[in-house]
Amino acid sequence: MSFRGATADAEESSSFYLMITGQVESGDFYGADNLYCKYSFSYGHDWTVVTGLDGVTAGLSQIAKKGSAGMDNTFGGSVVWNFPIDVAFKSTNAFGWPRVSFTVYGIDALGRDKTYGYGSMLVPTQPGHYVKEIEMYAPMPSSWYQRILNSITGTYPEFFDTKFVAQGSNREVTRVESTGSVRVQVQIATKDMQKFGYVPASSGENPLNFSTHTMNAGAMGSGGNLASSTRTMDTDLFIS
């Protein structure tokens, strides 16, 4: 084996990979119309973006309206975006597992932008196809007087950073109200996870886990047997 080939193999085996594809399908905000959605990924310092749509981990959809009566019956009156998600990460540490933040904006009766809701989703840790319903919420005005004043002036309460909902700190005194939901479909695939001691929680072979390395992390015991120290992929491990 050449030195260049050995170096490439070492680089390839030094990380595990997480591939995420799918779409932000639709949103339902109690009859609201003319909505558009923004998504963005938050992840730990050990994570690196390998590839994505235009090399970025965020996207802003088109403005969508509810369809005809027939389409309303099909989608339950939701606004349909079908906005694609396509990104791949690599890392050596599961801490800081990626989380997706969603923000839905709209245009009110006077043509002003309004934030309808925020929400977030932890990227599933197991390979497979997932359909998620993300509950959305927005900051509440401090009083009814403030609510009326916001409607007149168009200055609605909002978070300074849309990724604020993806973190657990500094949210103790935040008062929010439910505003709707967003439907997301994602396909998750992993590579080389088992080399780092992470195995699927469910038994059986998963067709989307295409890792070619199945050796458990551990040290060789007596008689040449591998002393297993595999870890189960659990979502609690990655919530910071």
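We start with W97, which is buried, with a relative accessible area of 3% (buried means under 20% relative accessible area, exposed over 50% and partly exposed in between, with a 1.4 Å probe and protein chains only). This is a predicted model, where local features need pLDDT of at least 70 and side-chain atom pairs count only at pLDDT 80 or more, while totals for chains, interfaces and linings use all residues. Residues are numbered from 1 along each chain as its sequence is written, and side-chain values use heavy atoms, with hydrogens and water left out.

**Aromatic rings**

- W97 forms an edge-to-face aromatic pair with W47, at 5.3 Å centre to centre and 80° between the planes.
- Rings of Phe, Tyr and Trp (its six-membered ring) pair if their centres lie within 6.5 Å; planes under 30 degrees apart count as stacked, over 60 as edge-to-face and the rest as tilted.
- W47 sits in the loop between β2 (35–42) and β3 (48–52) and W97 in the loop between β5 and β6, so their pair ties together parts that are 50 residues apart in sequence.
- The element names come from DSSP runs numbered from the N terminus: helices are H or I with at least four residues, and strands are E with at least two.
- The whole structure has 12 aromatic pairs, and ring pairs link F16, Y39, F41, Y43, W47, F83, F89, W97, F196 and Y198 into a cluster.
- K114 lies over the face of Y116, 4.9 Å from the ring centre (a charge sits over a ring if NZ of Lys or CZ of Arg is within 6 Å of the ring centre and within 35 degrees of the ring normal).

**The loop residue T92**

- T92 is found in the loop between β5 (79–91) and β6 (99–107), and this residue is partly exposed, with a relative accessible area of 44%.
- Beyond its neighbours within four places in sequence, T92 is in contact with S14, S15, F16, D46 and F196 (contact means heavy atoms within 4.5 Å).
- T92 and F196 are 104 residues apart in sequence, and their C-alpha atoms are 7.7 Å apart in space.

**Nonpolar cores**

- The largest nonpolar core has 37 residues, of which I20, W81 and F102 touch the most other members.
- A nonpolar core is a set of buried Ala, Val, Leu, Ile, Met, Phe, Trp, Tyr and Cys residues joined through side-chain atoms within 4.5 Å.
- Two or more residues of this core come from each of β1 (16–28), β2, β5, β6, β7 (113–122), β8 (128–139) and β9 (176–191).
- The largest share, six residues, is given by β5.
- A second, separate core has five residues, including Y118, F159, F164 and V165.

**Strand β6 and its partners**

- Eight of the nine residues of β6 are buried, so this strand is largely enclosed by the rest of the structure.
- β2 and β6 pair in the antiparallel sense over eight bridges (two strands pair if DSSP finds at least two bridges between them), and C37 has V104 in β6 as its bridge partner.
- β6 and β7 also run antiparallel, joined by nine bridges, with M121 in β7 as the bridge partner of V100.
- β6 and β7 form a hairpin with five residues between them, and G111 in the turn has a positive phi of about 80°.

**Positive phi beyond glycine**

- Most residues other than glycine have a negative phi.
- N34, in the loop between β1 and β2, has a positive phi near 55°.
- N82, in strand β5, has a positive phi near 50°.

**Salt bridges**

- The whole structure has four salt bridges (a side-chain nitrogen of Lys or Arg within 4 Å of a carboxyl oxygen of Asp or Glu).
- R183 and E25 meet in one of them, at 2.7 Å from N to O; R183 is in strand β9 and E25 in strand β1, 158 residues apart.
- R183 also meets E133 in a salt bridge, at 3.8 Å from N to O, and E133 is in strand β8, 50 residues apart from R183.
- Shared partners join E25, E133 and R183 into one network of salt bridges.
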